[in-house]
Amino acid sequence: MIPLLALLLGLIIGSFLNVCIHRWPRDESVVRPGSRCPRCRHALSWYDNIPLVSYGLLRGQCRYCSAAISIRYPVVELLNGLFYLYLASRFGWQPSTAKMAVFVSMILVLIFTDIADYILPDEITLGGLAAGLLLSPFLHVEASFTRVFWILSTSDPSPWAVSLVECAFAAAFVGGLLYGLRAVYFRMRGVEGLGLGDVKMMAMVGAFWGLATTIGVLLIGSVVGAISGSLIVLIGRKKWTYEMPFGAYLGAGGITVVVWGEDIGRWWMSVIT
């Protein structure tokens, strides 16, 4: 029963994510006005907003002007619903699962806004940074490199303090490191090699999951981005100066590490041992 409810909840939230993906890059409110066709601006009725179902019944067209509805809408709804279903089925519906579900939904917004508009909205990156820090004392993250700080201080901190320091340090360290690399690249080449949105995005990941996980996200996202970018240049005949949506690759790495990181770690240990 819980997985089914999680699926339905994921589909409904996925419908709202589509509103965010379309409106935030255009600096529009996601609250008012209500859902409308981007082309004819006609307000949509509730029965035109049923996740997945309405798209199928309308055959991917606006009821009023017959404009094509982007396939992105059912894709985002389905992806979010399936992720919620998977998380609930595997981990059960508990606070830590809810945190993972929120993170996945935020990352989906970032992936699709970056692909469509090369924008990573502050509403997600900076809002997520604040949310991660606020959640850290209640949904604990284990210390990684910050463990050295506690050893040197010879103190016995509470778990909430360990988690807060870990997440705050991860956000500051990764965000500062990428910002520094961005500045150095710009000074050397005269062009931006890394967007400021990517910097804020990785700071958000650090605030949610701590330093060890964030480094894993950065590594996987970079590898996926390098491979994908090379294939796009070689197969799509783009120039090497082609601007790729790096945030989308970081987002894919984020979901992979957060959802399947333990499985990947166990597999890797089995390989090397």
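A residue counts as buried when its relative accessible area is under 20%; Tyr84, at 4% relative accessibility, is therefore buried. The model discussed here is predicted. This briefing covers its aromatic pairs, charges over rings, nonpolar core and salt bridges.

**Aromatic pairs**
- The structure contains eight aromatic pairs.
- One of them joins Tyr84 and Trp93 in a tilted arrangement, with 6.5 Å centre to centre and 40° between the planes. Tyr84 is buried at 4%, whereas Trp93 is partly exposed, with a relative accessible area of 40%.
- Tyr86 and Trp260 also form a tilted pair, 5.8 Å centre to centre and with 50° between the planes. Tyr86 belongs to helix α3 (residues 72-91) and Trp260 to helix α10 (residues 246-272), so this pair ties together parts that are 174 residues apart in sequence.
- Tyr86 is partly exposed at 28% relative accessibility, and Trp260 is partly exposed at 30%.
- Phe83, Tyr86 and Trp260 make up one aromatic cluster.

**Charges over rings**
- Arg72 lies over the face of Tyr73, 4.4 Å from the ring centre.
- Lys99 places its charged end over the ring of Trp209, at 4.5 Å from the centre of that ring.

**Nonpolar core**
- The largest nonpolar core comprises 47 residues, and Phe103, Ile107, Met202, Met204 and Ile255 have the most contacts inside it.
- At least two residues of this core come from each of α1 (2-23), α3, α4 (95-117), α7 (159-189), α8 (196-209), α9 (211-235) and α10. The greatest contribution is that of α4, with eleven residues.
- Apart from neighbours within four places in sequence, Met202 contacts Val174, Leu178, Thr214, Val217, Leu218 and Leu250.

**Salt bridges**
- The count of salt bridges is three.
- Arg63 and Asp48 form a salt bridge through their side chains, at 2.8 Å from N to O. Arg63 is in the loop between α2 (53-57) and α3, and Asp48 is in the loop between α1 and α2, so the pair ties together parts 15 residues apart in sequence. Arg63 is partly exposed at 45% relative accessibility, while Asp48 is buried at 9%.
- Asp263 and Arg90 meet in a salt bridge of 2.7 Å, N to O. This pair links distant parts of the chain, with Asp263 in helix α10 and Arg90 in helix α3, 173 residues apart. Asp263 is partly exposed at 27%, and Arg90 is partly exposed at 33%.
- Asp122 pairs with Lys200 in a salt bridge whose closest N and O atoms are 2.6 Å apart. Asp122 lies in helix α5 (residues 122-135) and Lys200 in helix α8, 78 residues apart.

Conventions
Residues numbered from 1 in each chain as written. Predicted model: local features only at pLDDT ≥ 70, side-chain atom pairs only at ≥ 80, totals over all residues. Heavy atoms only, no water. Phe/Tyr/Trp six-rings, centres within 6.5 Å; stacked < 30°, edge-to-face > 60°. Buried < 20%, exposed > 50% of the residue type's maximum accessible area, 1.4 Å probe, protein only. Helix = DSSP H or I, 4+ residues; strand = E, 2+ residues; numbered from the N terminus. Lys NZ or Arg CZ within 6 Å of the ring centre and 35° of its normal. Core = buried A, V, L, I, M, F, W, Y, C linked by side-chain atoms within 4.5 Å. Contact = heavy atoms within 4.5 Å. Salt bridge = Lys/Arg side-chain N within 4 Å of Asp/Glu carboxyl O.
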